[in-house]
Amino acid sequence: MKQQLIIEPLIEARVPLDVVVHRAISEFLNIPPEQVITQPNKKKYYDPDHPESADQGLQEVFSIMRDLNLQGLEDRDLCRSEAGGMSFLEALQAVVQDFTDMAPQTPVHYVELGPEPIKTTEILQRLVESGVQIRSYTALDINPASKFVMDSCVRRFVAAEKINHVTADYFSLPGLGIEDDGAQALVTMLGFQEGNETPYKIMNFFRKFVRPGDVLLSEMQLLSTANWLPIFRFYGSEQMRRFSKLGLQRTMGNLESEYGVVLVPVAMEITGSGFVAATTERIRSDGDLNGKIVVTNYCIKYTEEGFRRLREFDRRFRVVSQRVTGDGSVGFQLAERC
Ligand SMILES: C[S@@+](CC[C@H](N)C(=O)[O-])C[C@H]1O[C@@H](n2cnc3c(N)ncnc32)[C@H](O)[C@@H]1O
């Protein structure tokens with residue numbers, strides 16, 4: 001019987017996203033579930049036996065993110081559409097301006113979830129130029145490889161004794177771990193990281209983690225109306241291909257494989273129907289694994305409206321601004337914790 005493309009409610013509360021993605025890939029691509037191997041995203045970012053040490057693979061993962069951001073900011077037309085609109089850099093600059101307009105020249109504690117130096121330098125530079133005092137900088141990262149680079153990048157803006165780096169899974173932490181001196185925290189989660197978890201998991205995390213009065217800046221890749229090409233272009237980049245190979249290597253060892261990208265429909269807990277982009281490696285080695293599809297990365301792609309709804313769903317956040325690139329493929333969202 002021909003399989004119908006009916007979008008079932010695949011994302012249920014408390015079902016981990018890797019389980020949802022596994023099921024969706026098997027169902028919608030018509031691949032037996034046992035042919036698909038899916039692992040939690042975070043496995044690519046640390047070594048469970050030595051969580052405090054950064055091997056070469058983890059260093060490279062961190063460098064890949066850095067390179068992607070460097071290219072993103074250097075290409076002055078990235079994410080502009082044929083009809084114009086803002087580039088990636090302009091959208092980032094606009095949202096930072098929106099933040100400084102909210103409460104000009106008030107001091108902030110800057111907390112970065114999953115740090116990288118390129119966008120962070122751009123943001124901190126603009127904040128400082130607008131008269132915002134950066135009282136402290138805290139990086140929370142499961143990957144220990146970011147520590148050295150982030151320390152040296154942030155030192156231009158923050159006194160050395162006010163720079164903190166915590167190597168941990170941020171979902172395991174009780175809170176921001178910053179001084180409660182009345183200053184607001186600007187908490188950032190950039191690089192589409194929010195799409196790596198289910199809407200409920202991320203909503204509950206931000207509700208617990210971000211204090212009333214603090215501001216959250218999130219960057220997401222969006223499912224733009226009638227144009228999914230930017231998503232495929234991004235995942236087709238050399239950096240994302242290499243990232244996928246490194247993910248495969250970390251979890252399965254050295255295997256010959258072929259890279260792939262799929263966009264599968266899933267139903268969302270909060271935002272309704274949506275899609276998950278997944279990168280895959282089809283194993284081309286002799287042995288039992290030959291032909292298996294290993295899912296090396298997965299990320300929910302919300303629509304512009306869905307991204308806003310996700311943040312405001314439990315009424316703990318109010319979206320203050322959402323700046324979207326001309327091609328509709330990247331959104332920077334600023335939300336205040338009520
Ligand atoms: C997709 S990358 C984005 C990196 C960077 N924010 C950017 O804009 O390019 C996700 C980042 O979050 C970190 N990360 C992923 N899961 C994490 C977790 N559970 N706890 C702490 N850090 C995590 C990774 O080490 C990585 O730096």
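How do the residues of the shell around the ligand divide into nonpolar, polar and charged?

## The ligand shell

Eight are nonpolar, five polar and five charged. Here Ala, Val, Leu, Ile, Met, Phe, Trp, Tyr, Cys and Pro count as nonpolar, Asp, Glu, Lys and Arg as charged, and the others, Gly among them, as polar. Please keep in mind that this is a predicted model, in which local features need pLDDT of at least 70, side-chain atom pairs count only at pLDDT 80 or more, and totals for chains, interfaces and linings use all residues. Residues are numbered from 1 along each chain as its sequence is written.

In total, 18 residues surround the ligand, and the closest are G114, I142, N143, L190 and G191.

## The chain as a whole

The protein chain holds nine helices and eleven strands, taken as DSSP runs (H or I, at least four residues, for helices; E, at least two, for strands) and numbered from the N terminus. Its C-alpha atoms fill a box of roughly 65 × 40 × 40 Å along the principal axes. The radius of gyration is 20 Å, which agrees with the value near 20 Å for a compact globule of 338 residues; it is taken over C-alpha atoms, and the globule rule is 2.2 Å times the number of residues to the power 0.38.

An automatic or database domain assignment divides the chain into domain 1 (1-38) and domain 2 (56-223 + 303-337). Their C-alpha centres lie 31 Å apart.

## Helix α5 and its buried side

Which residues of helix α5 (residues 147-154) are buried? They are M150, C153 and V154. A residue is buried if 20 or more other C-beta atoms, placed from the backbone, lie within 10 Å of its own. These three cover an arc of only 90° around the axis, so they sit on the same side of α5; the arc is that of the directions from the helix axis to the C-beta atoms.

The buried residues of α5 pack against α4 (117-129), β3 and β4 (163-167), with contact meaning C-beta atoms within 7 Å.

## A close look at A278

A278 lies in strand β8 (residues 272-283). This residue counts as buried because 25 C-beta neighbours lie inside 10 Å. Leaving aside neighbours within four places in sequence, the contacts of A278 are V21, I25, V262, V264, V295, N297 and Y298. N290 is twelve residues from A278 in sequence and 20 Å away in space, C-alpha to C-alpha.

Key: A residue is near a molecule or strand if its C-beta atom, placed from the backbone, lies within 6 Å of it. A residue is buried if 20 or more other C-beta atoms lie within 10 Å of its own, exposed if 12 or fewer, and partly exposed in between; C-beta atoms are placed from the backbone. Two residues are in contact if their C-beta atoms, placed from the backbone, lie within 7 Å.
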